[in-house]
Amino acid sequence: MAAMTRMTIGDLTLTRVLYTDALIDPAATGLTATEIDAVPWNDERWSADGQIRVGAAAWVASQDDRHVVIDPFGNADDIFHDPSFALDHQRAMSSAFDAAGIPIDRVTTVVLSHIEGLGMSAFRRPTGDADGRDRWIPFFPNATIEVNDASLATFDPPNDGHWSDDVWRGLFADDLVGTYSAGASLLPGMTAEFTGAHNPGHHVFHFGDPSGPDATYVGHLAVSPLHLSTGACEQQHLEPDRAWQLLHSFADDGRILLGPLWPSPGAGRWAGNEFVPVDG
Ligand SMILES: [Zn+2]
């Protein structure tokens with residue numbers, strides 16, 4: 001298993017806590033094997049045998065004793081919350097945080113770029129009650145969960161949608177979720193910017209001076225670094241052209257880019273014609 005990634009941006013430390021990298025069907029990322037193969041810099045770091053490589057990971061921004069976890073282990077809810085294996089996943093993820101020197105009980109905030117599934121914001125704790133109703137409680141026991149106000153205002157999933165929608169409804173009803181706004185400073189040197197485009201509430205996070213950041217967490221504007229070369233993605237975004245423009249507005253000055261689902265090392269720079277990963 002690849003090691004974690006860690007870098008320093010000003011007074012902040014950014015750590016990628018890795019659970020596992022995996023190969024998946026590229027259709028889940030809105031790409032085809034043909035599109036992947038057409039990217040000149042594509043190689044085994046990004047795909048293999050027609051499948052695309054993704055990472056199950058959590059980026060953490062730290063300063064002194066404050067640790068902000070971003071979009072932990074998202075987009076695999078049906079795997080990580082499968083009752084048969086959920087406890088094993090939770091223990092392994094907790095161990096990965098221990099190994100990174102950030103035990104889960106020292107995490108102060110979980111912040112989400114947008115609401116799309118649950119990730120490891122919370123986990124199921126069976127009550128054993130006769131009515132069989134499970135409780136969902138925060139995975140990081142001392143952290144507040146924060147979504148942005150735009151995501152909360154537009155959260156209106158159908159009743160027959162994904163089961164995680166109901167978990168969110170319960171977490172909101174139990175008053176376990178706070179909000180941040182566009183422009184909010186989540187740590188000194190970490191700033192949220194509203195983008196929309198991917199979905200109505202999507203935000204990115206800048207590290208360093210927000211007028212010229214040293215690094216940007218691009219959320220789902222690029223599910224894979226390959227999206228930096230594959231053009232507007234109809235399958236991934238409400239507004240594909242605007243998502244593409246936003247992505248390159250962040251990428252084209254050569255700053256460090258971080259992605260939630262990017263395979264190890266999970267960060268790199270756009271060099272104008274190829275993506276160059278940071279030293280993992
Ligand atoms: Zn998304």
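## A facing pair of residues

In this predicted model, Phe 207 stands opposite Ala 215, the latter being in β14. The two strands concerned are β13, residues 203-207, and β14, residues 215-217, which run antiparallel and are joined by 3 bridges.

## The sheet around them

Both strands belong to an open sheet of 7 strands with mixed pairing, whose order is β11-β12-β13-β14-β15-β16-β17. At its edges lie β11 (185-187) and β17 (275-277), each of which pairs on one side only. From one strand to the next, the twist averages 30 degrees.

## A cis peptide bond

Ser 264 and Pro 265 are joined by a cis peptide bond, for which omega is about 10 degrees. Pro 265 itself is found in the loop between β15 (256-258) and β16 (267-270).

Asp 49 sits in the loop between β3 (47-48) and β4 (51-63), while Ala 197 is placed in the loop between β12 (190-194) and β13.

Are these residues buried or exposed? Asp 49 counts as exposed because it has 7 C-beta neighbours inside 10 Å, and the cut-off for exposure is 12 or fewer. Ala 197, by contrast, has 22 other C-beta atoms within 10 Å and is therefore buried, since the cut-off for that class is 20 or more.

Note on methods:
Residues are numbered from 1 along each chain as its sequence is written. This is a predicted model: local features need pLDDT of at least 70, side-chain atom pairs count only at pLDDT 80 or more; totals for chains, interfaces and linings use all residues. Two strands pair if DSSP finds at least two bridges between them. Helices (H or I, at least four residues) and strands (E, at least two) are DSSP runs, numbered from the N terminus. Axes are lines fitted to C-alpha atoms, for helices over the stretch in contact, and angles run from 0 to 180 degrees between N-to-C directions.
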